[in-house]
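Subject: Structure handover

Hello,

My notes on what turned up follow below it.

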Amino acid sequence: MPPQIPYIIGNEGCERFSFYGMRNILTVFLMTSLLLSIPEPLRKGEAKDVFHTFVIGVYFFPLLGGWLADRFFGKYNTIFWLSLLYCVGHAFLAVFENNLQGFYTGLFLIALGSGGIKPLVSSFVGDQFDKSNRSLAQKVFDGFYWIINFGSFFASLLMPIFLKEFGASVAFGIPGIFMLIATIIFWSGRKKYIHVKPTAHEDPNSFLKVVRTALSQGGTGRAVAIVGVLLAAASLSFYKDIGIVAALCSALVLVMGFGGIGAWIELPRATPKHGEAAVDAVRTVLRLLVLFALVTPFWSLFDQKASTWILQADQMTKPEWFQSSMMQALNPALVMILIPFNNVVLYPLLNRLGLKITALRRMGAGIAFSGLAWIVVGGIQLWIDDGHSMNILWQILPYALLTFGEVLVSATGLEFAYSQAPLAMKGVITSFWNLSVTIGNLWVLLANSSVKGEAVTDYIKSTGTSVTAFQMFFFAGFALVAAALFGLYARRYPLQDNYRK
């Protein structure tokens, strides 16, 4: 085992405590303090929009971090300097607890810092391994994900108490201190790390250069890409209806989707200039992006446990001392149990039964389990809407199903994304993996905007269910359809092994 791994793991545990410590009290703080000037009937919707807009930012900025690391500064330098910005963002939250603009500036800096380093820390873990010891890499990625949830567990449990007993400055200040500790730990191992030199800017056959050559050849592919640009421009005109962040993300999705299809059509025409190997590498990336796109419904469901599920918990009976947001501590606690259970008991047992548990099979099953979790939570909501009293313990079952899905999708996806990425694109590809979370939260914002329309509201009323329950069953179906499509596509996906020699 590479001796520098503990520095990265220690950094990640403290950083995740800092992130989840502020994130898991964000919705409650917005509802009970910062957004009090908004009429109560509208406050829940506004708090959800702010929360998911923040999450979109967190998982959009990995694109920037991956690009900077792969082209200019390398992973270590990019992680270190963005971590310092991250610390400043936490300080803004603690200082500007009663100032809307100051608080939102802090959220922006945290989104920039946390998002920028997110793909780099996990790919930096992969850089410490090569083909000779890659069998240890999946264990370390599982340990990496375990420590994420170790930090998240204590943050989810303690920060709601600190918010209630000591106020927002302390509750947001403590995560800032942990982020500073995380940065110091990471800096301490600087002489032990393996540093992979950034080469993307020197590579004449990089992904973007090959795609540009393919699309510049004209033909059907370029026409498809132009249609994507036009649709993206049109989507920006709806910013007043869906919000500027949702409009920008929609435009990005349209450009990437249609641009990727157009590039795929014209790729053979880039071979004379870039060679067959470079064109095949671009095909690998485009195939990978299709898989990532099919994972986005999972993130739509998963991240709503910190918004929709908390708002449901507010309607349930619970001890007076128990805060609704504390229920989220169950998620990381279950992750810490399930990761060793799966590796020591479940996967070996299934292998003995003749069932080969590949990374893609895990991920497809994980998406399906998230859909099952939302069927259960939707049933709970129907019971509440009928006037029945529901104890918060009923949320344990959907949390267990969703967390099992998370372990299968997220912990597996980190190593899968790294192993499939060409050597010069580790940071960018891991960024695209994180971008799938952004798009997942985009679906949530679009769904929230759609139910504000009169036609959709009238249809939901005709079904005899509340808007909340209707959305829960909609997202459950969304995930189950995505799981089926993921399974079909994964059967034809050619696996790669892109670790260092």
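How much space lies in the largest cavity? About 360 Å³. Bear in mind that this is a predicted model.

**Cavities**

The structure holds three cavities of 30 Å³ or more. Two are described here.

Start with the largest cavity. Its lining counts 31 residues. Nearest its centre lie R16, Y20, Y59, K118 and I148. By class, the lining residues are 13 nonpolar, ten polar and eight charged. Several helices contribute at least two residues each: α1 (5–23), α5 (100–127), α6, α13 (276–302), α15 (330–352), α17 (396–420) and α18 (426–450). The largest share comes from α6, with six residues.

The second largest cavity holds about 50 Å³ of space. D142, I339, N342, N343, Y347, R362, V407, A411 and T412 line it. Four of these residues are nonpolar, three polar and two charged. Helices α15 and α17 each supply at least two residues here. α15 gives the most, with four. Both helices also supply at least two residues each to the lining of the largest cavity.

**Surface**

F150, F154, L157, L158 and I161 make a nonpolar surface patch of about 370 Å². One of them, F150, lies in helix α6, which covers residues 135–166. Is F150 exposed, partly exposed or buried? F150 has 35% relative accessibility, so it counts as partly exposed. The helix that holds F150 is also the one giving the largest cavity the largest share of its lining.

Best regards

Notes. Residues numbered from 1 in each chain as written. Predicted model: local features only at pLDDT ≥ 70, side-chain atom pairs only at ≥ 80, totals over all residues. Heavy atoms only, no water. Patch = residues over 30% accessible without salt bridge, like charges linked within 9 Å, V, L, I, M, F, W, Y side chains within 5 Å. Areas by Shrake-Rupley, 256 points an atom, 1.4 Å probe, with all protein chains shown as cover. Salt bridge = Lys/Arg side-chain N within 4 Å of Asp/Glu carboxyl O. Buried < 20%, exposed > 50% of the residue type's maximum accessible area, 1.4 Å probe, protein only. 1 Å grid on protein atoms, 1.4 Å probe; cavity = no way out; pocket = protein on both sides within 12 Å on 5 of 7 lines; lining within 4 Å. Points joined across faces, edges and corners; volume = space filled by probe spheres on them. Nonpolar A, V, L, I, M, F, W, Y, C, P; charged D, E, K, R; others polar.
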